Amino acid sequence: MAPTPANLTMDSIRKLLIVAAVSTLGLALVVVVLPSMLSNYVLGIGTIVLFTIPGAVALNIVFGLCGQISAGNAAFLAIGAFIAAGMTHTWPDTPTILVLLAAASIGAIAGVLVGAPAVRVRGLLLLVSTLAIHFIVLYLTERYQKNEVGQAGFLLPQFDILGWQPLRTIEWFKTFGVFAILSLLVMGAFRYSRLGRSWLAIRENETAAEVLGVRLMRAKLLAFVISSALIAVQGALFAYYVGILQYETFAFDMVIQYIAIVIIGGLGSIPGTVVGATLVVSLPYLLRSLSENLKGSDGIAGFVDDNIFNIQRFTYGALIVVFLLFFPDGIESIVRRVWQWLLGLFRGRGDDPVAPSEPAEVGA
Amino acid sequence: MLTIEGLRVVYPRTGVAVDGLDVTVERGEAVAILGPNGAGKTTTVRAVTGFLSSERVSVDARRLEFDGASILRKPPHRIARAGIAVVPERDKVFRELLVEENLEVARGRSGDQALQDTQDMLDELFPILVERRKEQAGLLSGGQIQMLAIAMSVLKRPTLLVADEISLGLAPALMDEIVVALDKIRDELDLTMLLVEQNVGVARRLCSRGLVLESGHVRATGTMDELAADDSLANIYLGGTA
């Protein structure tokens, strides 16, 4: 186990290079390639996918890596959004970057407040207690909105970081793309840290992890704090993006949507988060275009159109059940196989990644 | 070092599992707990390592002390910190983590020279773990998982190692390798051991003294030679040949 220092640095340099290459590729995709390729319609869907990724990453940290199922996703999103709305409402000239930083800090603090009692309970109890937080936050944001601006909602100023002022869909696509990649890097950094290993150990066997010296409360609380800070930033971005913020946006459906992404993508999987978010977000649009193509049968098309949200809910539910039953590792396992096959091509022959009983080639 | 007096464990459904158990393990000693399935061996181990305290199980004893301090109903991580390491019968390793990640979890924050020395010794004893360090622990064979579990439990130099059925389901050659390794680890780390075993051969090679449990009671105690020489015990409780 104790790798020699030379070995260790070679290993980490290689990892760093791979990470750098993949994120540059991703950055090029979302900033240059995709915007010039996709139609406006698809870009619109893509924007929502990219916007969703940081939240999915955040839930994947708490639920996927640490194994603590939380229904607080929409609540923290609302907290972040209303921090942005409240700050710019009170001090209209607050720079965007300051708003995002404030959202991250207050989100982290909220994560401590919510997490400290929540991490003492397990499983279903944790789910129920985070669910309670969802409704408490919704109630508070409703009161705040009605007191400050009334039913119409908060009006947000133009997003502006270093002169970058996204207005059109294509610009928001790029903005959310950058944040999505940053959030994925954050997840990767934590996954391969000591904390990340502790999370996975907790997920698999809490008692064994504690016996080996993992500090349970600390590790779980940190998962909550990192996750809620990330979601709060996403919430603030969301407020700027929609321009008019109303509390009704943060419905319970949103919670289910994020849980579906994490389960479909695979617990703790980084590529799975991207694939899961893409699938879950674009599903209703696929259903709609499907119904439009059923021109011959007006009855069906009409039915689908009238019930699109119910069909969507039903499909999420069905997908969650199907994945939990038949693909508990999520899309991740499929993605990983394809990825290893690609890596194999890249490295040339000589190491077959799908031979589990063979001792792995080390430092090759 | 470890004193158990009048240990009584009652499960909510199945009733009394261990009743009136007395064991003393002196520093440097290795003691075997023998007996047929359902005799209360694993329950005893779980009571000592604290794994019963989280469940709705009643654990009582006149004395349950380690190094002079009571460990009765203490949570598992407290007991671990006091210096008792455990190799449980099931769920020994984190199957989804890599082999090296398992060891890193066990290592935690400490990184002193003593730990490095222990790690070096383990690398030498279990070269297969070095070879397969980049693989998921769940892909290891039963014997390799056992090696990893032993390595993880002794990495931080505990004073007492409690191991549950370390030879279960292992091929003779592998078992031999593990027994030799445990012997060496004990010498190097000055370990005291409490081993639950069904395999009398393994118990005799590692332990000087043993006790035989039956239905939650101590049926016999003595040196391993005495126990093995007692034919009636051997036939009834130890499954025949040693």
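A residue is termed buried here if 20 or more other C-beta atoms lie within 10 Å of its own. All views show a predicted model.

**View 1. Helix 5 of chain A and its span.** Helix 5 of chain A covers residues 123–148. Its 26 residues, at 1.5 Å a residue, should span 38 Å, and the C-alpha atoms at its ends are 38 Å apart, so expectation and model agree. After helix 5 of chain A comes A:G150, which has a positive phi, near 85°.

**View 2. Buried residues of helix 5 of chain A.** The buried positions in this helix are A:L126, A:T130, A:I133, A:H134, A:V137, A:T141 and A:Q145.

View 3. The domain assignment divides chain A into domain 1 (18–250) and domain 2 (252–352). Taken over C-alpha atoms, the centres of domain 1 and domain 2 of chain A are separated by 21 Å. Their contact draws 22 residues from domain 1 of chain A and 18 residues from domain 2 of chain A.

**View 4. The side of domain 1 of chain A that touches domain 2.** Helix 2 (40–65), helix 3 and helix 6 (169–191) of chain A are the elements that each give two or more residues to this side. Helix 2 of chain A gives the most, with 13 residues. By class, this side of domain 1 of chain A comprises 15 nonpolar and 7 polar residues, with no charged residues.

Note on methods
Residues numbered from 1 in each chain as written. Chains lettered and ligands numbered in written order. Predicted model: local features only at pLDDT ≥ 70, side-chain atom pairs only at ≥ 80, totals over all residues. Helix = DSSP H or I, 4+ residues; strand = E, 2+ residues; numbered from the N terminus. Expected span 1.5 Å × (residues − 1). Buried ≥ 20, exposed ≤ 12 C-beta atoms within 10 Å, placed from the backbone. Domains from an automatic or database assignment. Contact = placed C-beta atoms within 7 Å. Nonpolar A, V, L, I, M, F, W, Y, C, P; charged D, E, K, R; others polar.
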